[in-house]
Amino acid sequence: DRVAVIEDVMTTGGSVLRAIERIRQHAEAHIAMVVTVVDRQSGGKELLAQASIPLHALFTRADFGR
């Protein structure tokens, strides 16, 4: 099964990567992407890229002026 993982706020990506590992332990799932509401641009996108998982953000920290 192809799965999209939804995350509210992406920071370093550690939490979502642990969740993905748990999903893979309990299901034969292909993680197609992670979708987040806000990417805080703190390394999460890069960590997921190392695992060949694309990140799609609705907003980034830059969108809020900081």
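Reader: Why is Gln41 called partly exposed?

Author: Gln41 has a relative accessible area of 44%, and since buried means under 20%, exposed over 50% and partly exposed in between (1.4 Å probe, protein chains only), Gln41 is therefore called partly exposed. This is a predicted model, in which local features need pLDDT of at least 70 and side-chain atom pairs count only at pLDDT 80 or more, while totals for chains, interfaces and linings use all residues. Residues are numbered from 1 along each chain as its sequence is written, and side-chain values use heavy atoms, with hydrogens and water left out.

Reader: What makes the phi of Gln41 worth a remark?

Author: Most residues other than glycine have a negative phi. The phi of Gln41, however, is near 55°, a positive value in a residue other than glycine.

Reader: How do you know whether Ser52 is buried or exposed?

Author: The relative accessibility of Ser52 is 64%, and because this lies over the 50% cut-off, Ser52 counts as exposed. Ser52 also has a positive phi, of about 60°, although it is not a glycine.

Reader: Why is Glu7 called buried?

Author: Glu7 has a relative accessible area of 18%, which is under the 20% limit, so Glu7 is called buried. Glu7 touches Ser15, Val16, Val34, Val35, Thr36 and Val37, not counting residues up to four places away in sequence, where contact means heavy atoms within 4.5 Å.
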